[in-house]
Structures are given as C-alpha cells and as structure tokens.
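Student: I would like to learn how to read a helix and a pocket in a structure. Could we go through them together, one feature at a time?

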Amino acid sequence: MVGKSQIKLIKSLQLKKNRIQHQLFVVEGLKTIQELLKSSFEVYKVLSTDEDFVTDHEEISELISSADLKKISSLNTPNGYLGVFKMAKVGAIQINDWIVAVDTVQDPGNLGTIIRLCDWFGIKNLVCSTTTVDCYNPKVIQATMGSITRVNITYLNLNEFLQSSELPIYGAFMEGEKVYNSAISSKGILVMGNEANGISSEIAAFITKKISIPQFGDQTAESLNVATATAILLNEIRRA
C-alpha cells in the first residue's frame, strides 16, 4: 500500500511550483493513463484501487485505498486510477506547418480543449505565453483526454517568438476580416487571446492578418469561447 511520504508528494503536485520542482504531474482516469503509458512520457507510479490492474502492472503500480485516493485526487469523485508521470522534454518547434499560439489563456478547460483540438487537426506545435495556465495542471490534463501525448507544447516569451518568426501570423479579432473570405496560407501561426481581453496590444503588434468568425444570429452573444473559436478557425485553416 502507498506510504504517507508518497501521499504527501502526490498531494503537493496540485501546485505548479511543486510540479516544476519535482518535474512530475498527475493524471487521473484509466483511459488517459493508458494513453500516457503508450507514449514517450515516462511513468513514475500508477496508484489504483483496482487490485486486478495492480496485479497486471505490478512493476509500475501500487494499491491504494479509496480513502487515501480521495486525499490526493483533484476530483470530487475519484475514479480509482491516478498516475504520476515525469514531465516531457520540450522538442524543437517545427515551422513546416501551422503553429497555434495562445496569449494568456487562463482557464484550464480551455487550454486542455485547445491541446485536444491541435491533436485533432494535426497541429504538432502549440506555443504558450508564460502567462498561460500550466499545461500540467490536473484540470488541463483531464481536458486533453490524452492528446497531450501528441502535441509539442512550449512556454516562451511570445513577443520574442513572433518577432523572430518569418511565418505569416494570423490573429483572432472581433473586427478582423471574415475567415470565410480570407486567403489562408499553407502554413503560419494562429494566435488566440485571453478569455476576457482577447489578444494583448503587445502581441497584436506582430499580427500580419486579423481574422474573425462572423456572427449570424442576433447580436446578443458578446463573443465565442476561445476553445470554440479555435476549433472553427482550425477547421477553416485545414480546409484551405
């Protein structure tokens, strides 16, 4: 059974500073754990209340009681499986295709969904401003549904990255050209902004083409959710 020191360590990984210190993060749910076990991510330990699973994976897993699992789970109702994995080494950013860049996206569910969308649309590289929520936040991991294993995620100074890039840079703006009427290049960078404030003025200075999603309904909805907007724009990019 799991010892107190391990419980303390895993519980501490709820905080970003501890994840960075130990270079570890937590994954909950059998399906997502299985996705990571098949990937290049290195497993540290899998804890489960399922005795059969532990028996079948005795080299990497330990049995945990439901009471102890509840102490370290970020879920209101733990599902019986909690994995701890080592953070991935960040790969080089490939510039031979589209790149998605996010500017201060702060909601974990939104970032997790954007990672999943990158996976769906075959976007291999996601770059994040240093003010964007941590991709190893448990709620982000949950929302990716395993897609984090197939997207190279890099945190960097977004201003410097865009300034040095030779790719066309598209930004999502309410006042931009309708994406359905826009000529879309074969590769480029799509910048998506903060949930409340959109793309910051500092980042907007590097945008070479502003695009928007036209509204067809009554002018009652203020804006689209950033993850929803990303899905629509990536669909148009891949149609081009």
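This is a predicted model: local features need pLDDT of at least 70, side-chain atom pairs count only at pLDDT 80 or more; totals for chains, interfaces and linings use all residues.

Student: How many residues does H6 have, and what is found at its start?

Tutor: Helix H6 runs over residues 108–120, which makes 13 residues, and it reaches 18 Å from its first C-alpha to its last, close to the 18 Å expected at 1.5 Å a residue. At its start, a side-chain oxygen of Asp107 comes to within 3.0 Å of the backbone nitrogen of Gly109, while after the helix comes Gly122, whose phi is positive, near 70 degrees.

Student: How much space lies in the largest pocket, and which residues are closest to its centre?

Tutor: The largest pocket holds about 680 Å³ of space, and of the 25 residues that line it, Phe173, Met174, Glu222, Ser223 and Leu224 are the closest to its centre. Strand E8 (169–178), strand E10 (209–212) and H10 are the elements that give two or more residues to this lining.

Student: By class, what does the lining of the largest pocket have?

Tutor: Sorted by class, this lining has 14 nonpolar, nine polar and two charged residues.

Definitions and conventions: Residues are numbered from 1 along each chain as its sequence is written. Side-chain values use heavy atoms; hydrogens and water are left out. Helices (H or I, at least four residues) and strands (E, at least two) are DSSP runs, numbered from the N terminus. The expected span of a helix is 1.5 Å times one less than its number of residues. A polar contact is a pair of N or O atoms within 3.5 Å; within protein, one must be able to donate a hydrogen and the other to accept it, and residues adjacent in sequence count only if both atoms are side-chain atoms. On a 1 Å grid over the protein atoms alone, a cavity is a set of points where a 1.4 Å probe fits but cannot get out, and a pocket is an open set with protein on both sides within 12 Å along at least five of seven lines; lining residues have an atom within 4 Å of a point. Grid points are joined across faces, edges and corners, and a volume is the space filled by probe spheres set on the points. Ala, Val, Leu, Ile, Met, Phe, Trp, Tyr, Cys and Pro count as nonpolar, Asp, Glu, Lys and Arg as charged, and the others, Gly among them, as polar.
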